[in-house]
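Dear colleague,

Please find below the structure that I am handing over to you.

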Amino acid sequence: MSRFGKHQDYHWRIPLVAAAGALLPAIVLHAWVPSGVLLYIAALCSICLGLLVLHPQGRHRLESEHAIDLPFAIAHHKEIYDEYLAIARALKRISQIPDLVFREAALQKIASATSELQQVAEGTLVFEGTESWRVVYEALLRSRHVFLYRSVAWVKSVDYWQDEPGKHSTRFNLELVDDHNLNIERIAILSETVWPAGQAFPNEPILNWIDAHHRRGIWIKLVRESTIASEANLLSDFGIYGSHAVGEQVLDDKCRTVRFILRFNFEAVEAAEERWQRLSIFSNAYRDLLDSRR
């Protein structure tokens, strides 16, 4: 049967189903509440039901996700619900601007925003070219869900965490350990410029940064970048926040943050733990290096 013929078949069945659906409530209501208004409402409801069930588009909407349920599903999260309303109002205003060029450009913007929102819905937060990630980073380390923080620092140059935001984060780490609010373990991957071959210890100021960790009770291990050159997937700057999340910091050659990615995903945590264990095999404890020089 053609698509047109199929739709015609639905169209002649709609009045029959609507009429049949109206008879039953009419009979019941007539027996108990002889009100013409109620009968009229019952008939209208039955007609609407017939239109939804039998019309192809209406039936598709019933079979798909019930959009009407969405606001109810998120209403108990007030902040998210407020944003939902703000987005809905913005989309309404956009739909009221008739210009076709605007509409096409607007749809591209909306699609881009939707894609980013879908990424967030999967538990991934991406911070591009901004230090604002440190706010979330500190909130995670303060979280009552996180008792152990495992960090891998890829130190490409002596500038690593030597700017003011980096120094602040280092102080914050040390204070958490001093207050017994967090256990921290760290592996530092050091480039040849930071820890030249044949040299007993890394160059300053990174050596002082490492030694500060050790003196404050942070378990820290070191590995030369050249040692794991054949294990390219181990060359990464990341942190494991208990079993809660994984953060990955993408740095340029001057150790400035280009991108910071947070994944609230247990599978990502498991993969990071596996990478951590492999790195540990190649690494040497800073404490052991100190003992060997005494």
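Accessible areas in this message come from the Shrake-Rupley method with a 1.4 Å probe. By that method, the accessible surface of the protein comes to about 18400 Å², and carbon and sulfur atoms hold 59% of that surface. Please note that this is a predicted model.

Overall picture

The protein has eleven helices and eight strands. Of its 294 residues, 33% are buried. Among the contacts with a separation of 6 or more, 71% are accounted for by residues 24 or more positions apart.

The eight strands form an open sheet with mixed pairing, in the order 1-7-6-5-2-3-4-8. At the edges stand strand 1 (124-128) and strand 8 (284-285). Each of these has a single partner strand, so one side of each is left without a neighbour in the sheet.

Strand 2 (residues 148-155) pairs with strand 3 in the parallel sense, over eight bridges. Between these two strands, the chain passes through helix 8 (residues 164-178), and this β-α-β crossover is right-handed. Strand 2 also pairs with strand 5 (residues 237-241), here in the antiparallel sense and over four bridges. Tyr149 illustrates both pairings: its bridge partner in strand 3 is Ile184, while in strand 5 Tyr149 stands opposite Tyr241.

Strand 3 runs parallel to strand 4 (residues 219-224), and six bridges join the two. Within this pair, Ile187 stands opposite Lys221 of strand 4. The chain goes from strand 3 to strand 4 by way of helix 9 (residues 206-215), in a β-α-β crossover that is likewise right-handed.

How far is strand 3 enclosed by the rest of the structure? Residues count as buried when their relative accessible area is under 20%. Six of the eight residues of strand 3 (residues 183-190) are buried, so this strand is largely enclosed.

The surface

A nonpolar surface patch of about 340 Å² is made by Ile87, Leu91, Leu117 and Val120. Helix 5 (78-95) and helix 6 (100-121) are the elements that give two or more residues to the nonpolar patch. Is Leu117 buried or exposed? The cut-off for exposed is over 50% relative accessible area. Leu117 has a relative accessibility of 52% and therefore counts as exposed.

With kind regards

How values were computed. Residues are numbered from 1 along each chain as its sequence is written. This is a predicted model: local features need pLDDT of at least 70, side-chain atom pairs count only at pLDDT 80 or more; totals for chains, interfaces and linings use all residues. Side-chain values use heavy atoms; hydrogens and water are left out. Buried means under 20% relative accessible area, exposed over 50%, partly exposed in between (1.4 Å probe, protein chains only). Two strands pair if DSSP finds at least two bridges between them. A crossover is right-handed if, with the strands pointing away from the viewer, the path from the first strand over the helix to the second runs clockwise. Patches are made of residues with over 30% relative accessible area and no salt bridge: like charges are joined within 9 Å, nonpolar side chains (Val, Leu, Ile, Met, Phe, Trp, Tyr) within 5 Å. A salt bridge is a side-chain nitrogen of Lys or Arg within 4 Å of a carboxyl oxygen of Asp or Glu. Contact means heavy atoms within 4.5 Å.
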